[in-house]
Amino acid sequence: MPYQKLTAAITAIGGYVPDCRLTNQDLEALVDTSDEWIVQRTGMKERRVLRDPEKATSDLAIEAINQILHKKNLDPKEIECIICCTMTPDMQLTVTAAYIAWKLGADNAWGYDFTAACCGFLYGLDTAASYIESGRYKKIIVVGVDNMTAFVDYRDRNTCILFGDGGAAVLVEPNTEGLGVIDSKFGSNGYGRQLMHQKAGGSLKPATHETVEAREHFAYMDGKAVFKYAVHCMSESASIIMQRNGLTPQDIAWMVPHQANLRIIEAVARETNVPMEKVMLNLEKYGNTIAGTIPLCLWDWEPQLKKGDNIILVSFGGGFTWGATLLKWAYDTE
């Protein structure tokens, strides 16, 4: 029997966002802003917020993964590994993925948290693909999820308008039809730490009464500087992936960009010559959910995806991290 090369394909997807909506009009009552100002600069109209004080990032992930288990009639004990891509773990000094597996009853799964900001899901998916291609594993869950509003300063109009909570998970399994993860191009640059960070709460500056009083436990971002880097790095990564695989914009069924800012997305589309009608968007509903944005887009748009579609996933995040992945979609939605 001829050798069949294994690829790693997404075979199911589940997503979840909290019920609570925070609209632009709600934000007008909190800070000096307006619906028009927010829409013009970001494209966002509302975002979801996890209000329940007893719940955290893991609860969002578990809801998304349970959708997959239901769709695939899958016993949690069949899952071999869970990769939780997040910047907002439930707690320090503990692994959110391990807790997710325990809560799900995935007794045979090992897991870990993957921290790569908004690129977390892409990096996690590529890592899972390597595990599958090695032949060592057959069922891996990759979840991109963040509870970012827990770290938002609602006195800062430049950041509080951007972020929402939510996430989505994918089941990654072996494929012998040449479908799934085909290629990736990633990069990082630690210079970006000064432009996007949370000043206190890490080992460099642990929490104290002074750091709390100085409001140093919230997200900070130099928006103008980040905008420039994001457009360049996302455009370059996506272009390299297309060139390396002999694809033109006409060959691309969908581009799935990180949902940080509509103007960034439009600039990347122009730079790569991918028409906006081929670009997945849902930031108007959910805002920037960090590692959750790309899988949430796939979850939202799943009914329109067709087996064999060439899909470019492209992202940019704090750190800096960036990259693009070429994905051949592996199934038609029933």
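I began with isoleucine 290, which is buried, with a relative accessible area of 6% (buried means under 20% relative accessible area, exposed over 50%, partly exposed in between, with a 1.4 Å probe and protein chains only). Its phi is near 60°, a positive value in a residue other than glycine. I placed isoleucine 290 in the loop between α9 (283-286) and α10 (helices are DSSP runs of H or I of at least four residues and strands runs of E of at least two, numbered from the N terminus).

I note that this is a predicted model, in which local features need pLDDT of at least 70 and side-chain atom pairs count only at pLDDT 80 or more, while totals for chains, interfaces and linings use all residues. Residues are numbered from 1 along each chain as its sequence is written, and side-chain values use heavy atoms, with hydrogens and water left out.

I then looked up alanine 117, which has a positive phi of about 55° although it is not a glycine. Alanine 117 lies in the loop between β5 and α5 and counts as buried at 7% relative accessibility.

For the peptide bonds, I recorded a cis bond from glycine 319 to phenylalanine 320, with omega near -15°. Phenylalanine 320 belongs to the loop between β12 and β13 (321-328).

Next I turned to the aromatic rings. I found 14 aromatic pairs in the structure (rings of Phe, Tyr and Trp, the last by its six-membered ring, pair if their centres lie within 6.5 Å; planes under 30 degrees apart count as stacked, over 60 as edge-to-face and the rest as tilted). Tryptophan 110 and tyrosine 131 form a tilted pair, 5.9 Å centre to centre with 55° between the planes. Tryptophan 110 is in strand β5 (residues 110-114) and tyrosine 131 in helix α5 (residues 120-133), so this pair ties together parts 21 residues apart in sequence. Tryptophan 110 counts as partly exposed, at 35% relative accessibility.

I compared tryptophan 254 and tryptophan 301: their ring centres are 5.1 Å apart and their planes at 65°, so the pair is edge-to-face. Tryptophan 254 lies in strand β11 (residues 254-257) and tryptophan 301 in helix α10 (residues 293-301), 47 residues apart. Both tryptophan 254 and tryptophan 301 are buried.

β11 pairs with strand β12 (residues 310-317) in the parallel sense over 4 bridges (two strands pair if DSSP finds at least two bridges between them). Opposite tryptophan 254 I found isoleucine 311 in β12.
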